[in-house]
Amino acid sequence: MRKAFVVSAALLLVAFAVQFVFAAVGAFTKPGGDGAYALHSANGMAVIPVLTVLTALFAALAKAPGRLVGLAILPLGLVVVQALLAMLANGSTDAAGVSTVLGLTIGGLHAINGIVAVHVVVGVLRGARRLGGPTPLGDIRAAVREQEPA
C-alpha cells in the first residue's frame with residue numbers, strides 16, 4: 001500500500017501541474033468562450049477529486065500518520081474552495097457583463113488557492129516517499145548476542 005500511496009500522490013501532483021496548463025489553454029484560447037476552460041473544469045472537478053480520495057485512502061491503508069492522512073485529503077477541500085471562488089469571480093461582473101475589481105480580486109484568490117493546493121500535494125508526496133522508502137541506515141538495530149562485543 002505504501003507504493004500505491006507514493007504513486008497516487010505523484011499522479012495527483014501531475015494532475016495539478018496539468019491543471020495549470022489547462023488554465024493557460026483556456027486563457028489563451030481565441031475567441032474565448034464557455035468551452036475555453038472545459039479541460040480545466042473537467043480535470044479540476046473530476047480527476048483531481050478522485051485522485052485525492054484515492055491518495056487519502058492509500059495513505060490510511062499504508063498506516064501513514066494521521067497528520068499525513070489529513071494532509072492527503074486536504075486538496076479535496078481546496079478544490080471545493082476553488083469552485084466557490086470561480087463562481088464568485090464569474091458572478092462578480094457589472095450589468096454589462098464586464099469584469100469588476102472585486103471579480104478580478106476573487107479570480108486572483110482562485111490562482112493563489114491553486115498554488116497552495118500544489119504545495120500541499122508536494123508535502124503529501126514527500127511524506128509518502130519517506131513512508132515508502134527504505135529504512136535509513138541509522139535506524140537499523142543490529143542484533144548482538146550477549147558476551148559479544150558490539
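Trainee: What volume does the largest pocket have?

Mentor: The largest pocket comes to about 1,000 Å³. A pocket here is an open set of points on a 1 Å grid over the protein atoms alone, where a 1.4 Å probe fits, with protein on both sides within 12 Å along at least five of seven lines. Its volume is the space filled by probe spheres set on the points, which are joined across faces, edges and corners. This is a predicted model: local features need pLDDT of at least 70, side-chain atom pairs count only at pLDDT 80 or more, and totals for chains, interfaces and linings use all residues. Residues are numbered from 1 along each chain as its sequence is written, and side-chain values use heavy atoms, with hydrogens and water left out.

Trainee: Which residues lie nearest the centre of the largest pocket?

Mentor: Tyr37, His40, Ala86, Asn90 and His110, out of 32 lining residues (an atom within 4 Å of a point). Two or more lining residues come from each of α1 (2-28), α2 (38-61), α3 (66-91) and α4 (101-132).

Trainee: How many helices and strands in the protein chain?

Mentor: The protein chain has 4 helices and 0 strands, as DSSP runs (H or I, at least four residues; E, at least two).

Trainee: What share of the residues is buried?

Mentor: Of the 150 residues in the protein chain, 29% are buried, meaning under 20% relative accessible area with a 1.4 Å probe, protein chains only.

Trainee: And contacts, what share joins residues 24 or more positions apart?

Mentor: Among contacts (heavy atoms within 4.5 Å) with a separation of 6 or more, 70% do.

Conventions
Buried < 20%, exposed > 50% of the residue type's maximum accessible area, 1.4 Å probe, protein only.
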